[in-house]
Amino acid sequence: MRGLAIPYHYVLWSFLLILSLIGLIKIRKLSTVSKLIIVYVIISLITEYVAKKFALYYNDNTPVFHVFIPIQILFFSLLYFKVLEIKKHKITYWSLVLAFITLSIVISYNTSLWGFFPSKNFIILCSLVFPLSLLFFKKMISNPVLTILELQPYFWINIGTFVFFTLVFFILGFHASLKLNVPFWIYDILWGANFLMYLSYFIAIILDSHSKFSKNDPIS
Amino acid sequence: MILSANTDIITTIITGTLLFGLLTVFIIYFILLYRKSQTKLHFERERRKRELLQAEVEIKEQTLVNVSREIHDNLGQAAALVKINLNLISKDIPEADREKVTESAELMKKLIGDMRSLSQSLNGDNIRRKGFIATLQSDVDRINKTGYVVVEFEHSPERVSLEADQLIILYRIIQELFTNTLKYAKASNVLLKIIEEGNQLKVFYSDDGIGFDYQTALNKGSGLSNIKDRCAIIDAKLYFESQLNNGVSVQITLEKPQT
């Protein structure tokens, strides 16, 4: 994104701000899942802003991400808890989530918050989100609805999350573990995927705010 | 060092391309799979809807048969008894009153006749016994007798080769069309035409009444939606054409079973 005349973070901030405002305006029409997405977008906006300030004042923004990851684990767990309609294994599910959060905090605690990018924590986050998004794809296939797929808000939420976290998992996990000299443009792809994830959330919120598309409950 | 960096870049490009390829394949595969399950769901819903409509029609048909039996067995018998009594009384009363009683006996005779035709038209079994065309002819004659409208009935086949259940439903559709004409159309003439064309049975129905707006009528009452639902049950294609003050024209096309 260094080739862009406008810095990437300004584009992202503007987009997140627009998304948050649209979400807040349409909040009454939105489903619980979309409301959660709005909360996440606002938290992301704050995180991105604080990270930039940290980078400016302390030349290092890694501590922000150490704090952000446990929040992300909690958020995506809540999101998929809602969309997957988990009823039977609530205790197992939340115990697993607690284990992931604890692991992430322990890793952050054992390594210096400063100057150390939480790649492992991201891998922990991805290893939770990746199977959950796959499970949701499976649920969609076994409980289809007659609405066109491209008009289903949950499809966009899941596809955006799935693509982004798959890329994060492979780029951070695979390359970091192989200690390869990753070319810097690979991180541009990651930022692009991040942007695409928010774009898919934007589509989902717009679709969800139209009542005729918001009925996603499968009728078996 | 440079060699190692180049190898890393090549590895990155290869794994990256593979990853993107896999993601694309996965998403396309998911979309195809989802569409397949949507089609399955669609057919399942259609099947259930048809079954439900079928059950509804069967219940209605059974109710009509019961009402028909009740009219024929109880009301018909009672009316016949009243008629006999009136005839007996007429012999024992003075001449001056006899005319009134005879008139009442005649009215009772007409009532018995009407009840018999009504009972026959309500009972779908008559189609099995008398045949589809003959039952329709009786209905047409009955309507013509009322003098409200003139029904012209044309038919090329003497026997319609459809399943008995299909014929009963088709008969009910035509009855519904007659009812609509008599109740709302203010028509003077009705044409009912049944023809066979190749492997198809075609029913044409038209009247010269006041017509209606199809969508408004569909939302308003159950008559038109009944016709639509019944056509769906027997896999008949329904074509409606109507404009205000321009009468109505209906075409129902059915595929005949392969012999």
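This is a predicted model: local features need pLDDT of at least 70, side-chain atom pairs count only at pLDDT 80 or more; totals for chains, interfaces and linings use all residues.
Two packed helices are described by the angle between their axes and the distance between the axes.

The pair to begin with is helix H1 (residues 8-25) of chain A and helix H7 (residues 185-209) of chain A, whose axes are 10 Å apart and meet at an angle of about 15°. Because angles under 35 degrees count as roughly parallel, H1(A) is roughly parallel to H7(A). The crossing of H1(A) and H7(A) is left-handed. H1(A) brings A:Tyr8, A:Leu12, A:Phe15, A:Leu16, A:Leu19, A:Ile22 and A:Gly23 to the contact, and H7(A) brings A:Trp191, A:Phe195, A:Tyr198, A:Tyr201, A:Phe202 and A:Ile205. Sorted by class, the contact of H1(A) with H7(A) has twelve nonpolar residues, one polar residue and no charged residues.

Next come helix H3 (residues 62-83) of chain A and H5(A), which pack at an angle of about 10° with their axes 10 Å apart. H3(A) is therefore roughly parallel to H5(A). On the side of H3(A) the contact includes A:His66, A:Ile69, A:Phe76 and A:Tyr80, and on the side of H5(A) it includes A:Phe122, A:Leu125, A:Leu132 and A:Phe136. The residues of this contact of H3(A) with H5(A) divide into eleven nonpolar, four polar and no charged.

H5(A), which spans residues 119-142, also packs with helix H4 (residues 90-110) of chain A; their axes come within 9 Å and cross at roughly 170°. Angles over 145 degrees count as roughly antiparallel, and H4(A) and H5(A) are therefore roughly antiparallel to each other. The contact is formed by A:Phe100, A:Leu103, A:Ser104, A:Ile107 and A:Ser108 of H4(A) with A:Lys120, A:Asn121, A:Ile124 and A:Leu128 of H5(A). By class, the contact of H4(A) with H5(A) has five nonpolar residues, three polar and one charged.

Chain B is followed through its sheet. Five strands form an open sheet of mixed pairing, in the order S1-S2-S3-S5-S4 (chain B). S1 and strand S4 (237-242) of chain B are the edge strands, each pairing on one side only. On average, and with direction ignored, neighbouring strands of this sheet are turned by 10° against each other.

S2(B) pairs in turn with strand S3 (residues 200-207) of chain B, in the antiparallel sense and over eight bridges. There B:Leu191 stands opposite B:Ser206 in S3(B).

Two helices lie on this sheet. Helix H4 (residues 132-146) of chain B touches S1 and S2 of chain B, and its direction makes about 160° with that of S1(B). H5(B) lies across S2, S3 and strand S5 (248-255) of chain B, running at about 10° to S3(B). H5(B), residues 164-185, also belongs with S1(B) and S2(B) to a left-handed β-α-β unit.

B:Glu241 stands opposite B:Ser249 in S5(B). The hairpin of S4(B) and S5(B) has five residues between the strands, and in this hairpin B:Asn245 takes a positive phi near 65°.

How values were computed
Residues are numbered from 1 along each chain as its sequence is written. Chains are lettered from A and ligands numbered from 1 in the order in which they are written. Axes are lines fitted to C-alpha atoms, for helices over the stretch in contact, and angles run from 0 to 180 degrees between N-to-C directions. Helices (H or I, at least four residues) and strands (E, at least two) are DSSP runs, numbered from the N terminus. Angles under 35 degrees count as roughly parallel, over 145 as roughly antiparallel, 65 to 115 as roughly perpendicular and the rest as oblique. A crossing is left-handed if the near helix is turned anticlockwise from the far one by less than a right angle, and right-handed if clockwise. Two residues are in contact if their C-beta atoms, placed from the backbone, lie within 7 Å. Ala, Val, Leu, Ile, Met, Phe, Trp, Tyr, Cys and Pro count as nonpolar, Asp, Glu, Lys and Arg as charged, and the others, Gly among them, as polar. A crossover is right-handed if, with the strands pointing away from the viewer, the path from the first strand over the helix to the second runs clockwise. Two strands pair if DSSP finds at least two bridges between them.
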